[in-house]
Amino acid sequence: MPAFEPLPFPGQGPAQTPSDAEPLIEVLAALARRQSEAFRGHNAVVGGSRVVHAVEEVSWIGGATMPAPACHVGVHGGDPTRLRPTRAEVTCRRCRARRQARRAGGGSAPRVVDPAQLSLDLD
Ligand SMILES: [Zn+2]
């Protein structure tokens, strides 16, 4: 019985064997480094949104860090490439609140409370 051989993707040469293929973790680390470089000194927008977020590095796969909105708003489908750098001023209220809290010396951001939210009676 012949040994299993993976087929190459269309338009590519012979399939790589595991010994010469770049480990996935190295590919992801390179993506993280490229994204971090692209966002250095920049703010960000997510996809086609006009809301501008502050950016901070967050833990990612394999010990790498990846730029993300400081307010931790979701990036559609978890795809970090949907985040685009911009030099525009931050317009996101949560990101602005976090920034103000840090400037005021607070260790953590204040909670953004919706005035319409009801409090729970936990006593
Ligand atoms: Zn934000």
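Colleague: Among contacts between residues at least 6 apart in sequence, what percentage join residues at least 24 apart?

Modeller: Two residues are in contact if their C-beta atoms, placed from the backbone, lie within 7 Å. In this protein, 52% of the contacts between residues at least 6 apart in sequence join residues at least 24 apart. Please note that this is a predicted model: local features need pLDDT of at least 70 and side-chain atom pairs count only at pLDDT 80 or more, while totals for chains, interfaces and linings use all residues. Residues are numbered from 1 along each chain as its sequence is written.

Colleague: How many helices and strands are there in the protein?

Modeller: Helices (H or I, at least four residues) and strands (E, at least two) are DSSP runs, numbered from the N terminus. The protein has two helices and four strands, and their order along the sequence is α-β-β-β-β-α.

Colleague: How do strands E2 and E3 run, parallel or antiparallel?

Modeller: Two strands pair if DSSP finds at least two bridges between them. Strands E2 (residues 55-59) and E3 (residues 65-69) are antiparallel and joined by five bridges. Ser-59 has Thr-65 as its bridge partner, and Val-58 has Met-66. Five residues lie between the strands of this hairpin, where Gly-62 adopts a positive phi near 65 degrees.

Colleague: What percentage of the 123 residues count as buried?

Modeller: A residue is buried if 20 or more other C-beta atoms lie within 10 Å of its own, exposed if 12 or fewer, and partly exposed in between. Of the 123 residues, 15% count as buried. A nonpolar core is a set of buried Ala, Val, Leu, Ile, Met, Phe, Trp, Tyr and Cys residues joined through C-beta atoms within 7 Å. The largest one has ten residues, among them Phe-39, Val-52, Leu-83 and Cys-95. Val-52 is in contact with residues including Asn-43, Thr-86 and Cys-92, its neighbours within four places in sequence being left aside.

Colleague: Which residues of helix H2 are buried?

Modeller: An α-helix has 3.6 residues a turn, so residues three or four places apart point the same way. In H2 (residues 93-103), the buried residues are Arg-94, Cys-95 and Arg-98. They cover an arc of only 100 degrees around the axis, and therefore lie on the same side of H2; the arc is that of the directions from the helix axis to the C-beta atoms. The buried residues of H2 pack against E3, whereas Arg-93, Gln-100 and Arg-103, on the other side of H2, are exposed. Gly-105, which follows H2, has a positive phi near 90 degrees.

Colleague: Which residues does Ser-36 touch, not counting residues up to four places away in sequence?

Modeller: Ser-36, found in helix H1 (residues 24-39), touches Glu-57, Thr-65 and Pro-67. Ser-36 and Thr-65 are 29 residues apart in sequence, with their C-alpha atoms 7.9 Å apart in space.
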